[in-house]
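The sequence and the structure come first.

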Amino acid sequence: MQAARLYSARPASTIPSVFESVKSHKVPIFFSRYPAGISIVAREVEYALREIDEQACEEGTREWRQAIVRHANPYGSYFTICHCTAFPERLVLFSTMAEVLWIHDDMTEEMDHASACREHDEMAKVLRLDIEESMFKSGNLRQKSLAAVLRKAIDIDPKQAATMIQMLKKYLATFDSIGGVFTRMEDYMPYRIANSGYWMSSYFVRWGMGMMLSDEEYASIEEHDTAMGNVLGLTNDYFSWNMEKDQQEDRMRNGVAVLMKEHNTTAEAAKVMLLGVIVEQESLAAKLKEERLKKPASKEIRQYFEAIELYVGGSCYWHSTAPRYQVPTH
Ligand SMILES: [Mg+2]
């Protein structure tokens with residue numbers, strides 16, 4: 001590895017030198033205004049992900065197959081790209097925790113809403129400070145796997161443990177809390193931020209660098225975080241539409257479907273509109289960041305801005321290279 005390629009070798013960078021930048025703009029369908037990078041421990045993380053998949057899924061099931069496809073991106077895994085700013089040990093812990101939650105999401109999205117909510121409550125039982133894997137001897141595979149990783153994540157940073165558990169609880173309680181379909185973007189967008197896991201991930205971007213924002217600091221960037229959350233969730237909708245359009249679910253989560261209903265238009269037109277909404281939210285975030293930086297900003301605030309842009313830019317890069325989304329339109 002050549003040290004000169006490390007992104008944070010750039011002057012004035014405030015984030016850890018733990019990743020390399022990637023040439024995302026060479027990918028034709030990449031459209032984000034933000035940069036992207038990949039962790040220098042990408043291979044170790046991928047190994048840990050394969051291991052947790054074996055523990056958390058039964059071989060041959062739908063979620064097991066989906067995990068294989070998810071990790072088939074030759075450009076890297078979602079976590080090593082999006083969370084490239086995390087310290088290596090923390091990146092492994094967050095990635096494996098989030099992987100179990102992703103498997104859980106894949107398993108429960110096909111269930112009726114009431115059954116899925118029961119499963120979410122079961123998973124939430126793992127989220128406690130005194131967690132031990134042995135408490136879930138009779139539990140399901142996802143509970144056992146999450147318990148083991150969560151114990152390590154608590155021990156690596158006991159000071160942040162209570163907040164971390166709160167964030168995970170909030171995710172499980174809100175990501176699938178509304179059944180049915182949405183017909184207006186103004187209702188859908190705030191819901192989709194939580195549904196996409198953005199609030200949890202934005203917290204873990206900070207946790208990964210071992211830093212926190214005080215309540216006052218977070219309040220001063222909350223609007224920016226919301227705009228970035230919209231970009232993140234809707235970018236997934238944009239790229240996953242071709243894969244999701246034929247799913248007959250009682251609660252499809254895709255902005256293309258919402259815009260089709262809201263404006264009584266075709267999928268093609270709605271997809272172009274969705275791209276417009278994403279670009280508008282990016283512009284809003286850029287404006288909010290500019291305004292915030294006119295006022296005194298702590299090192300943590302500047303770290304947040306740099307890292308969250310790599311997260312959101314990384315997500316567009318991962319989606320634009322992931323084989324699972326390269327489904328032909330016709
Ligand atoms: Mg999707």
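In which loop does V181 lie? V181 sits in the loop between α7 and α8. The model is a predicted one.

**V181 and its surroundings**
- V181 counts as partly exposed because it has 15 C-beta neighbours inside 10 Å.
- Apart from neighbours within four places in sequence, V181 is in contact with R251 and M252.
- V181 and N254 are separated by 73 residues in sequence, yet their C-alpha atoms are 9.5 Å apart in space.

**Packing of α4 against α6**
- Two packed helices are described by the angle between their axes and the distance between the axes.
- Helix α4 covers residues 88-108 and helix α6 covers residues 141-156; their axes come within 10 Å and cross at roughly 155°.
- Angles over 145 degrees count as roughly antiparallel, so α4 is roughly antiparallel to α6.
- The crossing in which α4 passes α6 is left-handed.
- On the α4 side the contact is made by E89, R90, L93, T96, M97, V100, I103 and H104, which meet R142, S145, L146, V149, L150, K152, A153 and I156 of α6.
- Sorted by class, this contact of α4 with α6 holds nine nonpolar, three polar and four charged residues.

**Packing of α1 against α4**
- Helix α1 (residues 42-56) also packs with α4: the two axes come within 9 Å and cross at roughly 35°.
- α1 passes α4 in a right-handed crossing.
- From α1, the residues E44, V45, A48, L49, I52, D53 and A56 meet L91, V92, S95, T96, E99, V100 and I103 in α4.
- By class, the contact of α1 with α4 has nine nonpolar, two polar and three charged residues.

**Helix α9 and its cover**
- Helix α9 (residues 198-208) is mostly covered, with 10 of its 11 residues buried.
- Among the buried residues of α9 are Y198, M200, Y203, F204, R206 and W207.
- The elements covering them include α4, α7 (158-174), α8 (185-195), α10 (215-244) and α13 (299-321).
- G210 follows α9 and has a positive phi, near 65°.

**Nonpolar core**
- The largest nonpolar core has 85 residues, of which I81, F94, M97, L146, L150, V231 and A307 touch the most other members.
- The element that gives the most to this core is α13, with 10 residues.
- Leaving out residues up to four places away in sequence, I81 touches A36, I38, G76, G314, Y317 and W318.

- R33 is in the loop between β1 (19-21) and β2 (37-39).
- R33 is partly exposed, because 14 other C-beta atoms lie within 10 Å.
- R33 and E309 are 276 residues apart in sequence, while the C-alpha to C-alpha distance is 8.9 Å.
- N264 is placed in the loop between α11 (255-263) and α12 (267-292).
- N264 counts as exposed because it has 8 C-beta neighbours inside 10 Å.
- The phi of N264 is near 50°, a positive value in a residue other than glycine.
- Most residues other than glycine have a negative phi.

Key:
Residues are numbered from 1 along each chain as its sequence is written. This is a predicted model: local features need pLDDT of at least 70, side-chain atom pairs count only at pLDDT 80 or more; totals for chains, interfaces and linings use all residues. Axes are lines fitted to C-alpha atoms, for helices over the stretch in contact, and angles run from 0 to 180 degrees between N-to-C directions. Helices (H or I, at least four residues) and strands (E, at least two) are DSSP runs, numbered from the N terminus. Angles under 35 degrees count as roughly parallel, over 145 as roughly antiparallel, 65 to 115 as roughly perpendicular and the rest as oblique. A crossing is left-handed if the near helix is turned anticlockwise from the far one by less than a right angle, and right-handed if clockwise. Two residues are in contact if their C-beta atoms, placed from the backbone, lie within 7 Å. Ala, Val, Leu, Ile, Met, Phe, Trp, Tyr, Cys and Pro count as nonpolar, Asp, Glu, Lys and Arg as charged, and the others, Gly among them, as polar. A residue is buried if 20 or more other C-beta atoms lie within 10 Å of its own, exposed if 12 or fewer, and partly exposed in between; C-beta atoms are placed from the backbone. A nonpolar core is a set of buried Ala, Val, Leu, Ile, Met, Phe, Trp, Tyr and Cys residues joined through C-beta atoms within 7 Å.
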